[in-house]
Number of protein chains: 2
Amino acid sequence: MVRVAVCLAGCGVKDGSEIHEAVLTLLSLQRAGATVQCCAPDADQMHVVNHLTDEVVEGESRNMLQESARIARGEIVPLSEIFAADYDALIFPGGFGAAKNLCDFAVAGADAVAHPEVKSAICNFLDDAKVLGFICIAPAIAASALRDHHAVVELTAGNCPDTHGALNEMGVKTIDCDYTQIHVDTQNKIVSTPAYMLAENINQLAVGVDALVSKVVDMCNE
Amino acid sequence: MVRVAVCLAGCGVKDGSEIHEAVLTLLSLQRAGATVQCCAPDADQMHVVNHLTDEVVEGESRNMLQESARIARGEIVPLSEIFAADYDALIFPGGFGAAKNLCDFAVAGADAVAHPEVKSAICNFLDDAKVLGFICIAPAIAASALRDHHAVVELTAGNCPDTHGALNEMGVKTIDCDYTQIHVDTQNKIVSTPAYMLAENINQLAVGVDALVSKVVDMCNE
């Protein structure tokens with residue numbers, strides 16, 4: 001049975017994991033017969049955003065692991081307990097938390113660095129030739145984590161020239177594709193898809209997420 | 001085009017809406033071609049639960065509308081702005097928020113009362129012969145809202161004798177069915193399904209949610 005870790009970054013598109021992307025990833029993995037373990041760094045989010053007003057909530061902090069546990073229904077472990085040897089793949093859903101909490105791409109752009117545990121996990125999965133999946137803006141995490149790594153990776157980046165430019169500057173080869181498509185970096189066993197960077201509704205979103213999960217699981221079985 | 005309102009109760013199974021149930025409801029509705037409007041009361045949750053430890057977080061409060069906006073990606077309105085005349089159906093996903101925030105069934109049992117706006121919405125949709133859908137423990141909301149109403153309604157209630165007993169005491173005829181099934185109260189145009197009261201994983205959950213949404217949309221078109 002294929003074993004897949006899903007790394008979350010909180011609970012909500014504006015300060016954590018994009019909830020639809022995370023839930024549809026879990027649904028696709030379950031349908032593909034994979035064993036799933038959710039995880040997240042046991043660390044505070046960059047900030048808390050009121051999803052009704054888009055305003056940052058001053059004086060409030062939320063912990064990524066605790067908030068991600070909402071999506072995982074409590075079935076979650078700290079990212080520090082996820083080892084590449086125990087899994088076939090690691091998938092990162094998107095949401096601004098991917099670019100605010102798991103790395104600082106949202107504020108630092110091409111100078112972004114990844115959270116140390118995230119960097120370690122991505123490098124270890126890559127070096128162990130395990131499969132990696134990045135959804136929506138999550139390719140920015142990969143770019144941040146791998147900036148000092150010898151691998152040159154190929155990743156989707158939506159259709160915003162600034163995002164492509166920043167990832168290119170970080171050493172990534174960016175690929176154009178629409179929400180129905182995935183890109184497979186066969187050399188590095190990395191699958192990515194633009195998801196809500198381009199999908200306009202949850203049904204469109206499901207097409208790309210299903211395609212990514214299906215490919216990830218197939219590659220685990222190869 | 002069928003117009004459906006989805007009433008949320010926060011964001012997370014232990015103190016708000018069950019996230020998987022809410023997201024899969026939105027996905028099914030989109031796939032069925034319905035126009036969807038999320039809503040929630042603009043009021044505080046009963047409490048905040050740390051979903052990692054199951055402990056109540058002392059001194060913290062969260063607002064249902066703001067937290068539900070995480071699931072709705074910001075596209076949400078106060079329940080007070082939802083009028084039966086503008087919609088064909090109203091669906092309530094489950095999660096403890098259904099029984100803690102939208103009514104107080106989790107603490108009051110058979111003595112439960114519904115949040116005033118929730119009671120008003122349910123009674124208005126029922127009296128206007130619109131379709132109502134209740135997922136998981138959400139039938140407790142219907143029972144609380146309709147306890148003084150002349151209608152005798154039929155609702156699913158999982159397989160816990162205490163839940164059946166409490167709903168029966170509130171005047172509801174409870175129906176046994178498994179997670180793959182829905183029950184249709186044709187007299188009152190109410191559809192319900194046990195969802196995560198019986199489903200053991202997200203794939204099993206999707207079966208019941210899809211069946212409920214499909215039936216609700218069909219009944220709107222009749």
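This is a predicted model: local features need pLDDT of at least 70, side-chain atom pairs count only at pLDDT 80 or more; totals for chains, interfaces and linings use all residues.
**Entry 1**

Seven strands of chain A form an open sheet, in the order β3-β2-β1-β4-β5-β9-β8. The pairing is mixed. I then looked up the edges. They are β3 (76–78) and β8 (183–185) of chain A, and each of these pairs on one side only. From one strand to the next, the twist averages 25°.

β8(A) runs antiparallel to β9 (residues 190–193) of chain A, and three bridges join them. I noted one pair here: A:D185 has A:I190 in β9(A) as its bridge partner.

**Entry 2: helices on the sheet in chain A**

I looked for helices against these strands. Helix α8 (residues 202–221) of chain A packs on the sheet and touches β4, β5, β8 and β9 of chain A. Its direction makes about 175° with that of β9(A). Helix α1 (residues 19–31) of chain A lies across β1 (3–7), β2 (35–40), β4 (89–92) and β5 (131–135) of chain A. The angle between α1(A) and β1(A) is about 175°.

**Entry 3: helix α2 of chain A**

How many of the eight residues of α2 (residues 64–71) of chain A are buried? I found seven, so this helix is largely enclosed by the rest of the structure. I listed them as A:M64, A:L65, A:E67, A:S68, A:A69, A:R70 and A:I71.

A:N63 caps the N-terminal end of α2(A), with a side-chain oxygen 2.8 Å from the backbone nitrogen of A:L65. After the helix comes A:R73, which has a positive phi near 55°.

**Entry 4: strand β9 of chain B**

I moved to chain B and took β9 (residues 190–193). Both faces of this strand are covered. B:I190 and B:S192 are buried on one side, and B:V191 and B:T193 are buried on the other.

I looked up both partners. β5 (residues 131–135) of chain B pairs with β9(B) in the parallel sense, over four bridges. B:G133 stands opposite B:V191 in that strand. β8 (residues 183–185) of chain B pairs with β9(B) in the antiparallel sense, over three bridges. The bridge partner of B:D185 in β9(B) is B:I190. The hairpin of β8(B) and β9(B) has four residues between the strands, and B:K189 takes a positive phi near 55° there.

**Entry 5: α1 against α8 in chain B**

I checked how these two helices meet. The axes of α1 (residues 19–31) and α8 (residues 202–221) of chain B come within 9 Å and cross at roughly 45°. The two helices are therefore oblique to each other. The crossing is right-handed.

I wrote down the contacts. On the α1(B) side are B:H20, B:E21, B:L24, B:T25, B:S28 and B:L29. They meet B:I202, B:L205, B:A206, B:V209, B:D210, B:V213 and B:V217 in α8(B).

**Entry 6: B:H47**

B:H47 lies in the loop between β2 (35–40) and α2 (64–71) of chain B. Is B:H47 buried or exposed? It counts as buried because its relative accessibility is 16%, and the cut-off is under 20%. The side chain of B:H47 makes a polar contact with the side chain of B:K100, at 2.9 Å. Leaving out residues up to four places away in sequence, B:H47 touches B:K14, B:D15, B:V56 and B:K100.

Technical notes. Residues are numbered from 1 along each chain as its sequence is written. Chains are lettered from A and ligands numbered from 1 in the order in which they are written. Side-chain values use heavy atoms; hydrogens and water are left out. Buried means under 20% relative accessible area, exposed over 50%, partly exposed in between (1.4 Å probe, protein chains only). A polar contact is a pair of N or O atoms within 3.5 Å; within protein, one must be able to donate a hydrogen and the other to accept it, and residues adjacent in sequence count only if both atoms are side-chain atoms. Contact means heavy atoms within 4.5 Å. Two strands pair if DSSP finds at least two bridges between them. Axes are lines fitted to C-alpha atoms, for helices over the stretch in contact, and angles run from 0 to 180 degrees between N-to-C directions. Angles under 35 degrees count as roughly parallel, over 145 as roughly antiparallel, 65 to 115 as roughly perpendicular and the rest as oblique. A crossing is left-handed if the near helix is turned anticlockwise from the far one by less than a right angle, and right-handed if clockwise.
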